[in-house]
Amino acid sequence: MSSPEIILQVLRSHLRAADVTYKMLAERIDMSESSVKRMFGQADMPLSRLAQICKAAGVAMEDVLRAAADATPQADTLTLTQEKSLLAQPHLLLMAICCLGHWTLEQVLETYKLTEPECILLLAELDRLGLIELKPLNRYRLRVSNAFRWLPDGPVQQFFRAHVVDDYFAGSFNGAGETLLCLPARLSLPSAQELVGRIQQLAGELARLHQNDRRLAAPERDGFTLLVGFRSWEFSAFTALRRSAATAAAVAVTR
């Protein structure tokens, strides 16, 4: 669905919520009902007409455009080329992560040793890469979904594995709101797939809480990172102690 179609779909929803029919709208903007229906059906409406309809229906055009932006399908991942580009420039990955955390330019400048011109250039590059849509006054809108994740074993994940994981696990995980779990289990494939679904739900819950807490003042929030991994795995030092298949079978026979 294209952006104009999404805007008109949202506009229809607002009209229904306001109990404004096509007939009522036609009377208010001095058009025939058939012309109004045709205008909506063709998904072709200039901005001036959109503003006129919103005013006639008592609907804020800003609300319609904002809801349409939120409803626009967004990518859950970047492409391989996009991820490589993030790692090709100093500080670009940092700015990308700040944007994913909905930091303002002012917050980035207060926190990191970056100048305002440097930050603006980084935001412009993220806009070019498609991670954000840069707006006036150096504001931005994310072009990725709340379910965004880095490519499995992609450039960014490889970078994190090489440079970040040790630093992350160096913490004690005993602070307020912190925990560390390592739980082994023997599961069937369907059970493992069920748990992956639960983990994805957890990621969605984190995105919801993150979105809700954006309304709080900056001092009321802190940076938390959820690192979740789930795979068929055994510590290599333990694997080295395993019996060979023949030995294991012989031991089983003697029991």
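Colleague: Which residues of helix H3 (residues 33-41) are buried?

Modeller: In this predicted model, they are Ser-35, Val-36, Met-39 and Phe-40.

Colleague: What puts them on the same side of H3?

Modeller: They cover an arc of only 135° around the axis, so they share one side of H3. In general, an α-helix has 3.6 residues a turn, so residues three or four places apart point the same way.

Colleague: Why is Cys-99 called buried?

Modeller: Its relative accessible area is 1%. Buried means under 20%, so Cys-99 qualifies.

Colleague: What does Cys-99 touch, leaving out residues up to four places away in sequence?

Modeller: Leu-123, Leu-126, Ile-132, Tyr-140 and Leu-142. In the largest nonpolar core, which has 24 residues, Cys-99 is among those that touch the most other members, along with Leu-86, Met-95, Leu-126 and Ile-132.

Colleague: Which element gives this core its largest share?

Modeller: Helix H7 does, with six residues. Helix H8 (105-111), helix H9 (116-129) and strand S2 (139-142) are also among the elements that give two or more. Another core, of 21 residues, lies apart from it and includes Leu-8 and Val-64.

Colleague: Where is confidence lowest in the chain, and where is it highest?

Modeller: Lowest in helix H14 (residues 245-254), at a mean of 66. Highest in H9, at 96. Where pLDDT is low, the predicted coordinates should not be read in detail.

Note on methods
Residues numbered from 1 in each chain as written. Predicted model: local features only at pLDDT ≥ 70, side-chain atom pairs only at ≥ 80, totals over all residues. Heavy atoms only, no water. Core = buried A, V, L, I, M, F, W, Y, C linked by side-chain atoms within 4.5 Å. Buried < 20%, exposed > 50% of the residue type's maximum accessible area, 1.4 Å probe, protein only. Helix = DSSP H or I, 4+ residues; strand = E, 2+ residues; numbered from the N terminus. Contact = heavy atoms within 4.5 Å. pLDDT = per-residue confidence, 0-100. Arc of directions from axis to C-beta.
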